[in-house]
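Work through the exercises below with the sequence and the coordinates at hand. Each task is followed by a stepwise solution.

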Amino acid sequence: MPFLKVVGGEAKGKAFELKTEGRFVIGREPSCNLSVNDSKVSRKHTEIYCLDGTYFIKDLQSGNGTILNGDKITECSLKHNDYFKIGDLKIVFEEKASLRAGAEPDQAESTEENREENYMGTSTVEIQLDKEKTKFGEPCLKGGKELSAPKLATLYEISKIMSTEKDLNNLMKRILTMLVEATKADQGYILFWNNTDDKISARMMHPKEIKQMKISRTIVKRVAQYTRPLLTSDAMLDARLAPSHSVMMSNIKSVICVPMLSTPKGEVVLYLESDKLEWTFSESDLELVIMVGLQTGIVFSSLSATEKAHRTLMTTVKILVTASEIGNPKLQGHAERVANYSSAIALELALNKSEIRYLHLSALLHDVGKIALNKPGEPGDTGALMDKGEHVLAAEKLLKQLSDVEEILPAIKHHHERFDGAGAPDKLKGEKIPIGARIIAVANIFDNIVSYGGAKKQGISVKDALTEIQSQSGTEFDPKVVAAFNAAYEKGSLFNPPKLM
């Protein structure tokens, strides 16, 4: 029976047997199968489950992600000796059944040393998977044999794309392009069959210049209705398919069609077609497309759920922002401007896309605590530190009612801290202040003084605002953030940041 061996972190030395039924959940909650007290781990961070004899690892939309073999993944199959990292936890997936659940690693029958001894007397075969690492990496072991496996290499590359690509349309496009190239197909489609009106529509096609789809409705419906992958070397010669109007009219030759995803409204299938008389798809092509179809369907489900949750969260955010600004007309638009300035600064500081998305949300909600105060306050009013402390703590209390907001709370709570330690609510100093909070502090004061600063509270010039912020660098503001802010202004991105949401 496969098991997980913890080789680093809080539970180091523990091993956990995996069952074929149910799910093994890792997180901070006591109810998790592996529960740890690690602030970098979400309440329910990662789960492992078995499907038709294959074990899969799935990130549960955690704050810091799940790292498998060095890459951040959403969902992926596991193989022997795969290594993954969750917070400070370092875990190895083992397929051998020799280790008892909860046993120490030195009780295992197979260690790294005796594994090497076991293989030294046998033939060694290495398979080229990663083209870049094959090009620049070590040569094959002396006395061993290196094999080229194009189909496995394609599957490996697609698995890497699945683990890193978060945009559903980009994922479909990249996977379909790779499959068309790997199988030498002339055309490829990701199709949706609507089980209500019996219509077939293309979610993605390659090449994208296709003016008219060349598909067999008979094949698509058969695969969708019976969940049976299909390969035909010549549809015109198949007695079950040849009478079909679409097969005859389109002169369809070799086709691979496999199921990908089942939804309440219909089925999604992968469809590849070759027009060449001298080229037909092989069974190895079919096996490749089936494996990709199965894995892609799982990832599609996860990404669709993530996008739906994100849309729901953004709707909630818009409601909260509107509520925080509605009491004072001068506040309207302030949160969005601060969020855009913050994103531009973050890009200059080379934060990654995920970090910038969280920062953008934090900036949108940085004043949401004012909903709980008796008066919304003037946007340009510096106010007392006590007031600032009150509204950020109110925001923290309010937003904790939402799920999975751990990543955005620190930037909101600490955006009124000062770099010199004289801020609120916790008087944090220097880099102990979260980077998101240091960014929002600059973006927030810039919008305040440009919009509402000056003696008459009608705003000051951008040039004067830049000078004012520079004068507070190292005292109120982080010098690195101020430098990034100035760079964004000079490049023009401060008022026109790229859309990353």
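**Exercise 1.** Determine which residues of H8 are buried and what covers them.

*Solution.* Step 1: the buried residues (under 20% relative accessible area, 1.4 Å probe, protein chains only) of H8 are His334, Ala335, Val338, Ala339, Tyr341, Ser342, Ser343, Ala344, Ile345 and Ala346. The model is predicted: local features need pLDDT of at least 70, side-chain atom pairs count only at pLDDT 80 or more, and totals for chains, interfaces and linings use all residues. Residues are numbered from 1 along each chain as its sequence is written, and side-chain values use heavy atoms, without hydrogens and water.

Step 2: helices are DSSP runs (H or I, at least four residues), numbered from the N terminus. Among the elements covering these residues are H7, H9 (353–364), H12 (435–452) and H14 (479–491).

Step 3: H8 (residues 334–348) has 15 residues and spans 22 Å from first to last C-alpha, close to the expected 21 Å at 1.5 Å a residue. The expected value is 1.5 Å times one less than the number of residues. Alanine 350, which follows H8, has a positive phi near 65 degrees.

**Exercise 2.** Describe how H4 is oriented relative to H7.

*Solution.* Step 1: the axes (lines fitted to C-alpha atoms over the stretch in contact, with angles from 0 to 180 degrees between N-to-C directions) of H4 (residues 168–183) and H7 (residues 283–325) come within 11 Å and cross at roughly 175 degrees.

Step 2: H4 is therefore roughly antiparallel (over 145 degrees) to H7.

Step 3: the contact (heavy atoms within 4.5 Å) includes Leu168 and Leu171 of H4 and Asp285 and Leu288 of H7.

Note on methods. Helices (H or I, at least four residues) and strands (E, at least two) are DSSP runs, numbered from the N terminus. Angles under 35 degrees count as roughly parallel, over 145 as roughly antiparallel, 65 to 115 as roughly perpendicular and the rest as oblique. Buried means under 20% relative accessible area, exposed over 50%, partly exposed in between (1.4 Å probe, protein chains only).
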